[in-house]
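Visitor: I have a model open on my screen and would like to learn how to read it. Could you take me through it step by step?

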Amino acid sequence: MIDSPSTDLRDGEIAVDQTRPADATVQFIGTIRTPFVTRDMCPRQGRLDGPDCRLELHPDWAPALKGITAFEHLDVLYWLHESRRDLVLQSPRGDGETTGTFALRSPVRPNPIGVSRVRLIRQEGNTLIVKGLDCLDETPLIDIKPELCAYTPQALRKDADEA
Ligand code: SAM
């Protein structure tokens with residue numbers, strides 16, 4: 001019979017939680033269409049007076065847009081699919097000065113999730129027309145949420161202390 005490895009700790013030893021999942025699956029809910037077909041064409045950050053862009057949802061997710069037109073601004077999350085993912089320190093200006101990945105909004109990161117605050121212009125069926133994106137045409141769409149400031153929770157309060 002083989003003994004299980006010990007989970008005991010000696011003085012000063014620290015163990016990391018091994019129960020966390022090592023991976024997660026991200027489900028793309030649609031595709032973003034923008035006029036930016038090369039990275040050089042993309043703005044560094046989107047502008048609310050930028051060009052119209054389209055959030056084209058997979059038809060399965062179209063009902064999930066119910067109520068969305070009540071919001072003028074949305075937070076859009078997307079997968080910066082052409083990014084490398086291995087840099088810990090980066091030199092954005094290429095001058096040898098480095099900054100840590102988590103101190104930058106660079107698309108180069110271990111999980112290349114982009115976030116933009118956009119203005120909702122209109123809904124056309126399963127598509128939202130928005131302004132404020134900075135991503136390449138055909139960037140995969142991950143999520144859409146009402147902007148935090150405008151959002152009033154519709155669920156019951158979690159506890160009596162929560163306003
Ligand atoms: N607004 C997002 C954020 O702050 O999380 C992204 C900012 S990032 C600096 C935007 C830049 O990422 C663009 O200027 C472009 O160079 C690059 N980019 C855009 N779409 C991309 C994609 N699908 N894959 C890789 N890089 C992309």
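Guide: Happy to; we will go from the strands to the core, then to one residue and the ligand. This is a predicted model, in which local features need pLDDT of at least 70 and side-chain atom pairs count only at pLDDT 80 or more, while totals for chains, interfaces and linings use all residues. Residues are numbered from 1 along each chain as its sequence is written.

Visitor: How many helices and strands does the protein have?

Guide: Helices (H or I, at least four residues) and strands (E, at least two) are DSSP runs, numbered from the N terminus. Here the protein has zero helices and eight strands.

Visitor: In what order do the strands close into a barrel?

Guide: Two strands pair if DSSP finds at least two bridges between them. Six strands form the closed barrel, in the order β1-β2-β7-β6-β3-β8, with antiparallel pairing. From one strand to the next, the twist averages 45°, where axes are lines fitted to C-alpha atoms and angles run from 0 to 180 degrees between N-to-C directions. Between β1 and β8 there are three bridges, and I32 has T139 in β8 as its bridge partner.

Visitor: Which residues touch the most other members of the largest nonpolar core?

Guide: A nonpolar core is a set of buried Ala, Val, Leu, Ile, Met, Phe, Trp, Tyr and Cys residues joined through C-beta atoms within 7 Å. A residue is buried if 20 or more other C-beta atoms lie within 10 Å of its own, exposed if 12 or fewer, and partly exposed in between, with C-beta atoms placed from the backbone. The largest core has 17 residues, and I32, L55, V76, V130 and L133 touch the most other members. At least two core residues come from each of β2, β3, β6, β7 and β8.

Visitor: Why does G30 count as buried?

Guide: G30 counts as buried because 22 C-beta neighbours lie inside 10 Å. This residue belongs to strand β1 (residues 30–33). Contact means C-beta atoms, placed from the backbone, within 7 Å; beyond residues up to four places away in sequence, G30 touches L55, E56, L57, H58, W61 and L141.

Visitor: Which residues are closest to the ligand?

Guide: A residue is near a molecule if its C-beta atom, placed from the backbone, lies within 6 Å of it. The ligand is surrounded by 19 residues, the closest being C42, E82, P107, G114 and C135. Strand β6 (residues 113–124) gives the largest share of this shell, three residues.

Technical notes. Two residues are in contact if their C-beta atoms, placed from the backbone, lie within 7 Å.
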